[in-house]
Amino acid sequence: MATFEATCTTVAGGLRVVSMAGCEVSTRSETARRLCLQGLGWLWSFHHEEAVRCFEASLEAAAADSASCPLAAWGVAHCCSSDYNDGVFTDAAKATAFCATAVAQAEAGGASALEAALIAAEKVRIDAVDAGDLRAPQAYAR
C-alpha cells in the first residue's frame, strides 16, 4: 500500500509544499508530476482552491507534453465535488467534467491501480450526490 507524506515549509506569505514522499503520479510529464504533487499537498492541507490551481496547471503541462495525468483530473473533481461531511458541491459541473476526464484517462491505461481506485470512488460519490442519494458518503467510503 502506498503511503503519502507531505513536507511543508514556511515562506513569506504562508506555507509551501516542498515534497510529497512516497506518492507516485502516473504521467510522462515531469512538470505535470511536480504540479500534481503540489496539488495533493494543498488538497490534504484543505486548501482546495490552491489545489485546483495546481491540478489544472498539471493537466495543462501534461497536455503540452502530449501526456495525460489522471490523478490531476481526479484532484480537480475531488476538490469541486461534494464535501464528504455535508454533501454540498462547490462546483458540480466542474466536478462532473473533471471526473469524466479522469475516468477516460484511467481507462486509456494512464493510471496506476491506486489512482484508478481513487477515480472510481470519486465517480461513485459524484454520481450518488447528483442522483440525490443521501447515502453518498457511505458509498464513497466503501
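**Close-up views of a predicted model**

**View 1. Packing of helices H1 and H2.** Helix H1 (residues 30-44) packs against helix H2 (residues 48-64) at an angle of about 165°, and the two axes lie 8 Å apart. Axes here are lines fitted to C-alpha atoms, for helices over the stretch in contact, with angles from 0 to 180 degrees between N-to-C directions. H1 and H2 are therefore roughly antiparallel to each other (angles over 145 degrees count as roughly antiparallel, under 35 as roughly parallel, 65 to 115 as roughly perpendicular and the rest as oblique). Their crossing is left-handed, that is, the near helix is turned anticlockwise from the far one by less than a right angle. On the H1 side the contact is made by Thr 31, Ala 32, Leu 35, Cys 36, Gln 38, Gly 39, Leu 40, Trp 42 and Leu 43. On the H2 side the residues are His 48, Glu 50, Ala 51, Cys 54, Phe 55, Ala 57, Ser 58, Ala 61 and Ala 62. Contact means heavy atoms within 4.5 Å. Sorted by class, this H1-H2 contact has 12 nonpolar, five polar and one charged residues (Ala, Val, Leu, Ile, Met, Phe, Trp, Tyr, Cys and Pro count as nonpolar, Asp, Glu, Lys and Arg as charged, and the others, Gly among them, as polar).

The model is predicted, so local features need pLDDT of at least 70 and side-chain atom pairs count only at pLDDT 80 or more, whereas totals for chains, interfaces and linings use all residues. Residues are numbered from 1 along each chain as its sequence is written, and side-chain values use heavy atoms, with hydrogens and water left out.

**View 2. The whole protein, for orientation.** The secondary structure comes to six helices and two strands, which run β-β-α-α-α-α-α-α from the N terminus on. Helices (H or I, at least four residues) and strands (E, at least two) are DSSP runs, numbered from the N terminus. Of the 142 residues in the protein, 40% are buried (buried means under 20% relative accessible area, exposed over 50%, partly exposed in between, with a 1.4 Å probe and protein chains only). Among the contacts with a separation of 6 or more, 51% are between residues 24 or more positions apart. The protein exposes about 7,700 Å², and carbon and sulfur atoms supply 56% of that area. Accessible areas come from the Shrake-Rupley method with a 1.4 Å probe, and for residues only the protein chains shown count as cover.

**View 3. Gln 38 on helix H1.** Gln 38 is found in helix H1 and belongs to the H1 side of the contact with H2. With a relative accessible area of 25%, Gln 38 is partly exposed.

**View 4. Helix H3 and its packing against H2.** Helix H3 (residues 70-80) is mostly covered, with 11 of its 11 residues buried. These buried residues are Pro 70, Leu 71, Ala 72, Ala 73, Trp 74, Gly 75, Val 76, Ala 77, His 78, Cys 79 and Cys 80. H2 and H3 pack at an angle of about 155°, with their axes 8 Å apart. The pair is therefore roughly antiparallel, and the crossing of H2 and H3 is left-handed. From H2, the residues His 48, Ala 51, Val 52, Phe 55, Glu 56, Ser 58 and Leu 59 meet Ala 72, Ala 73, Gly 75, Val 76, Cys 79 and Cys 80 of H3. By class, the residues of this H2-H3 contact divide into nine nonpolar, three polar and one charged.

**View 5. Gln 105 and Ala 108 on helix H4.** Gln 105 lies in helix H4 (residues 92-110), and Ala 108 is also placed in H4. Gln 105 is buried, at a relative accessible area of 17%, while Ala 108 counts as exposed at 67% relative accessibility. Leaving aside neighbours within four places in sequence, Gln 105 is in contact with Leu 59, Ser 68, Cys 69, Pro 70, Gly 110 and Ala 111. The C-alpha atoms of Ala 108 and Ser 68, 40 residues apart along the chain, are separated by 9.5 Å.

**View 6. Positive phi in two loops.** Most residues other than glycine have a negative phi. Phe 46, in the loop between H1 and H2, has a positive phi near 65°. Phe 46 is exposed, with a relative accessible area of 72%. Ser 66 sits in the loop between H2 and H3 and has a positive phi of about 55°, although it is not a glycine. At 58% relative accessibility, Ser 66 counts as exposed.
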